[in-house]
Amino acid sequence: MSMRRLKIISLAGLALLAIGVVAMIGVGPGNGESAALLRPDDQEKVALGQQVYTTNCASCHGAELQGQAEDWRSPGPDGLMPAPPHDETGHTWHHPDELLFKITKLGVAEAANLKDYTSAMPAYEGILSDEEIVAVLSYIKSTWPDEIRAGHDEMNKRYALEPRDTR
């Protein structure tokens with residue numbers, strides 16, 4: 001086999017390996033979650049997310065992402081916290097992508113490891129696919145002002161550098 005052909009085969013192999021690594025890193029939850037899981041600039045994902053939000057989230061969080069109550073930081077008459085706004089007035093953007101995903105999929109109590117916490121928000125595991133959860137969160141993020149999105153991106157970068165409990 002010629003040296004040139006050996007180099008081409010070697011480069012092709014390295015390219016396939018690189019593609020595999022990139023795919024493993026960037027595919028999303030449960031498969032090497034990346035710092036930036038949400039895709040607010042992906043118009044297809046945002047459009048899907050808006051549909052999913054309208055069907056599954058707007059009844060509590062509001063059609064305009066305004067939340068359930070003006071005072072969403074205090075428990076309601078039932079003792080449960082009202083659904084917070086997901087616009088820039090809420091606190092959604094204070095949490096990294098990975099935590100937002102886990103809260104949506106697993107519920108607040110499990111995502112935050114709060115044994116005795118009761119929430120009106122259901123866990124969406126088995127109701128929404130991982131892709132739909134990422135899409136709805138991407139839609140929400142797409143509505144935030146540029147400076148909040150930029151700050152959220154920076155927080156995700158810092159969060160990615162933090163050590164994780166792998167138990």
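**Ground rules.** I am reading a predicted model, where local features need pLDDT of at least 70, side-chain atom pairs count only at pLDDT 80 or more, and totals for chains, interfaces and linings use all residues. Residues are numbered from 1 along each chain as its sequence is written, and side-chain values use heavy atoms, leaving out hydrogens and water.

**Aromatic pair.** I looked for paired rings (Phe, Tyr or the six-membered ring of Trp, centres within 6.5 Å; planes under 30 degrees apart are stacked, over 60 edge-to-face, the rest tilted). I found one pair. Y53 and Y139 are tilted, at 5.6 Å centre to centre and 55 degrees between the planes. Y53 sits in helix α2 (residues 43–56) and Y139 in helix α6 (residues 130–142), so the pair ties together parts 86 residues apart in sequence. Helices here are DSSP runs of H or I, at least four residues, numbered from the N terminus. Both Y53 and Y139 are buried (under 20% relative accessible area, 1.4 Å probe, protein chains only).

**Pocket lining.** Which helix supplies the largest share of the lining of the largest pocket? I noted α4, with four residues.

Notes: Helices (H or I, at least four residues) and strands (E, at least two) are DSSP runs, numbered from the N terminus. Buried means under 20% relative accessible area, exposed over 50%, partly exposed in between (1.4 Å probe, protein chains only).
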